[in-house]
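Subject: Structure handover

Hello,

Here is the structure we spoke about. Please open it first, then read the notes below.

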Amino acid sequence: MGFRTALDALSFTGAYRLLEPFGRGVGLVYMLHRVMPAHDEAFQPNSFLEITPEFLELVIERTRAAGIEFVSIDTACERLKSREFGRRFAVLTFDDGYRDNMEHALPVLKKHGVPFTIYASSGITDGTCELWWIAAERIVAGTDVVEIDFEGHRETLPSASLSEKVAANKRLVEWLGLGLDEHSQRRAIRQLAGEAGIDLDAMCRSLAMDWAELRRMASEPLATIGSHTLNHHAVGRLDHREAARQISEDADRLEAELGSRPQHFAYPYGWPEAAGMRDFGIAARLGFKSAVTTRPGHLFAGHADHMTALPRVSLNGNYQKKRYLKLLISGAPFVLYNRFRRINVT
């Protein structure tokens, strides 16, 4: 059963109400990336990372209508650690530090007085990070055939029709994201982008807040700036020393640029290998108050013992409907995903 089919079944049958008591926690952490006006390009493989300002506003309104209070990540951590739970709470978090967070999300957040956290990666803010998933989309969009020839790996992917582009992008992202190690991945996308005439650094600079903009964002009373690794690497795929360096040096750089050391961290990427128990321990030893994963679920009292392995609720751009939002707030889909486990840190 596909994810959309499962959500529709839970919604239309009302079965989510049976699962809600098991899935609804004391709070939840929403995960977002980009906030952009709607656009209707046929080929949008990264649309799952984008929501509209209107949907963000709907999230705020529906969450509050459910009796849930928006709080800062610091307040959420205090409530978890103290185990003093009254009203349910929610935290809004944005990964990577895209400029549209300032242009399109911030006005909505200020209008409604909602605290939020930006998890910034120094390499992205520098404008030197290879945003390989966006580059892959642009490579496929701009050609009828994708030619891969990298370190002995040769492959030809037709990409003339829309269906071919979707298949080619899926294969390219699969190869870059899971088929290569973190450093080979970056070399490969630089080679492919160069062959396609795409300037990766210019692309990154055009999409991400620079340091001046991030400082302005950090000055907002509602904002908290967290850390997101030096080069947006999946730390779980690095050796221990490199993983620790990616986390600690990003915090160092953010402290130097913004004047205060980040107390909260987010692990990049959404597959299980991206971060694990070793990495949760690294974040704890480095002194972070919290670290959030991409593992789906609500927060429960037991997460007080796992503050560097907190789950989040993804606001997926492909599911911008009231009925899906209702399910996310209920926690019901995560009961099935996590097989009735409230704490999933292994």
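Predicted model: local features only at pLDDT ≥ 70, side-chain atom pairs only at ≥ 80, totals over all residues.

Residues are numbered from 1 along each chain as its sequence is written, and side-chain values use heavy atoms, with hydrogens and water left out.

Helix H12

Helices (H or I, at least four residues) and strands (E, at least two) are DSSP runs, numbered from the N terminus. H12 covers residues 240–258. Its 19 residues should span 27 Å at 1.5 Å a residue (the expected span is 1.5 Å times one less than the number of residues). The end C-alpha atoms are 27 Å apart, which agrees.

At the start of H12, a side-chain oxygen of Asp-239 comes to within 3.2 Å of the backbone nitrogen of Arg-241. After H12 comes Gly-259, with a positive phi near 90°.

Several H12 residues are buried, including Glu-242, Ile-247, Asp-250, Ala-251 and Leu-254. Buried means under 20% relative accessible area, exposed over 50%, partly exposed in between (1.4 Å probe, protein chains only).

Ser-227

Ser-227 lies in strand S9, residues 223–227. Its relative accessibility is 0%, so Ser-227 counts as buried.

Aromatic rings

Rings of Phe, Tyr and Trp (its six-membered ring) pair if their centres lie within 6.5 Å; planes under 30 degrees apart count as stacked, over 60 as edge-to-face and the rest as tilted. The count comes to 11 aromatic pairs.

Trp-133 and Tyr-269 make an edge-to-face pair, 6.1 Å centre to centre with 90° between the planes. Trp-133 is in helix H7 and Tyr-269 in the loop between strand S10 and helix H13, so the pair ties together parts that are 136 residues apart in sequence. Trp-133 is buried, at 8%. Tyr-269 is buried too, at 13%.

Phe-150 and Trp-175 have ring centres 6.0 Å apart and planes at 75°, so this pair is edge-to-face. Phe-150 lies in strand S7 and Trp-175 in helix H8.

Ring pairs also link Phe-265, Tyr-267, Phe-280 and Phe-288 into a cluster.

Best wishes

Key
Polar contact = N/O pair within 3.5 Å; in protein donor to acceptor, adjacent residues only side chain to side chain.
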